[in-house]
Amino acid sequence: MTILGIVHILVLTVVAFRIMLFTRAGRHKPIISVLAYIIMVSALTEVIVHISMPATVSLSQVMMEAALALALIAHHGNVAELFKATKDGSKLSQLLCWTSQKKKRKTKTNKHHEVSP
């Protein structure tokens, strides 16, 4: 087993356990729950297959899985947050964006001192 194979196993284990250990206070969304379950089972299955029958792993495959692991760690295992969109774009695209975008400031209005024209 190569070093890249070991990194492959470790990254997929992190993905699976980060999703497995996610807890939410409110209701779970059924479609997102199924998606998270599929990702978790796929990652664990790949770990078991790679341990039992070591095969060659490409660097691009490990990098893609590492990106998924980093995104899940950044969002505390919440798969729904990876796909949630805001008016500025998806949160994942904001996480991956190198430039900082200035947010518009909301002007405060004082209801007690309204100025009439």
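The crossing of α1 and α3 is left-handed; a crossing has this hand if the near helix is turned anticlockwise from the far one by less than a right angle, and is right-handed if the turn is clockwise. Helices (H or I, at least four residues) and strands (E, at least two) are DSSP runs, numbered from the N terminus. The model is predicted: local features need pLDDT of at least 70, side-chain atom pairs count only at pLDDT 80 or more, and totals for chains, interfaces and linings use all residues. Residues are numbered from 1 along each chain as its sequence is written, and side-chain values use heavy atoms, with hydrogens and water left out.

Two packed helices are described by the angle between their axes and the distance between the axes. For α1 and α3, the angle is about 25° and the axes lie 9 Å apart. The two helices are therefore roughly parallel. Axes here are lines fitted to C-alpha atoms, for helices over the stretch in contact, and angles run from 0 to 180 degrees between N-to-C directions. Angles under 35 degrees count as roughly parallel, over 145 as roughly antiparallel, 65 to 115 as roughly perpendicular and the rest as oblique.

On the α1 side, the residues that meet α3 are Leu-4, Val-7, His-8, Val-11, Leu-12, Val-14, Val-15, Arg-18 and Ile-19. Their partners in α3 are Leu-59, Gln-61, Val-62, Glu-65, Ala-66, Leu-68, Ala-69, Leu-72 and Ile-73. Contact means heavy atoms within 4.5 Å. By class, 14 residues of this contact are nonpolar, two polar and two charged. Ala, Val, Leu, Ile, Met, Phe, Trp, Tyr, Cys and Pro count as nonpolar, Asp, Glu, Lys and Arg as charged, and the others, Gly among them, as polar.

Helix α1 (residues 3–20) also packs against helix α2 (residues 30–52), at an angle of about 150° and with the axes 9 Å apart. This makes α1 roughly antiparallel to α2. The crossing is left-handed here too. From α1, the contact takes Gly-5, His-8, Ile-9, Leu-12, Thr-13, Val-15, Ala-16, Ile-19 and Met-20. From α2 come Ala-36, Ile-39, Met-40, Ala-43, Leu-44, Glu-46, Val-47, His-50 and Ile-51. The contact of α1 with α2 holds 13 nonpolar residues, four polar and one charged.

Two residues of this contact can be followed in detail. Ile-9, in helix α1, counts as buried at 11% relative accessibility. Buried means under 20% relative accessible area, exposed over 50%, and partly exposed in between (1.4 Å probe, protein chains only). Leaving aside residues up to four places away in sequence, Ile-9 touches Met-1, Val-47, His-50 and Ile-51. Its C-alpha atom is separated by 8.7 Å from that of Ile-48, 39 residues apart along the chain. His-50 belongs to helix α2 and is buried, with a relative accessible area of 4%. With the neighbours up to four places away again not counted, His-50 touches Met-1, Gly-5, His-8, Ile-9, Ala-55 and Val-57.

In soluble globular proteins, nonpolar side chains tend to be buried together. The largest nonpolar core has 15 residues, of which Val-15, Ile-19, Ala-43, Leu-72 and Val-79 touch the most other members. Such a core is a set of buried Ala, Val, Leu, Ile, Met, Phe, Trp, Tyr and Cys residues joined through side-chain atoms within 4.5 Å. Two or more residues come from each of α1, α2, α3 (59–74) and α4 (79–83). Helix α1 gives the most, with six. Val-79 touches Ile-19, Ile-32, Leu-35, Ala-36, Ile-39 and Leu-72, not counting residues up to four places away in sequence.

Other residues are exposed. Ile-31 lies in helix α2 and has 70% relative accessibility, which makes it exposed. The C-alpha atoms of Ile-31 and Ala-80 are separated by 9.5 Å, although 49 residues apart along the chain. Leu-21 sits in the loop between α1 and α2 and is exposed at 58% relative accessibility. Leu-21 and Gly-77 are 7.4 Å apart, C-alpha to C-alpha, and 56 residues apart in sequence. His-76 is placed in the loop between α3 and α4. This histidine is exposed, at 55% relative accessible area. His-76 has a positive phi of about 55° although it is not a glycine.

Overall, the protein has five helices and two strands. Their order from the N terminus is α-α-α-α-β-β-α. Of the 117 residues, 22% count as buried. Among contacts between residues at least 6 apart in sequence, 69% join residues at least 24 apart.
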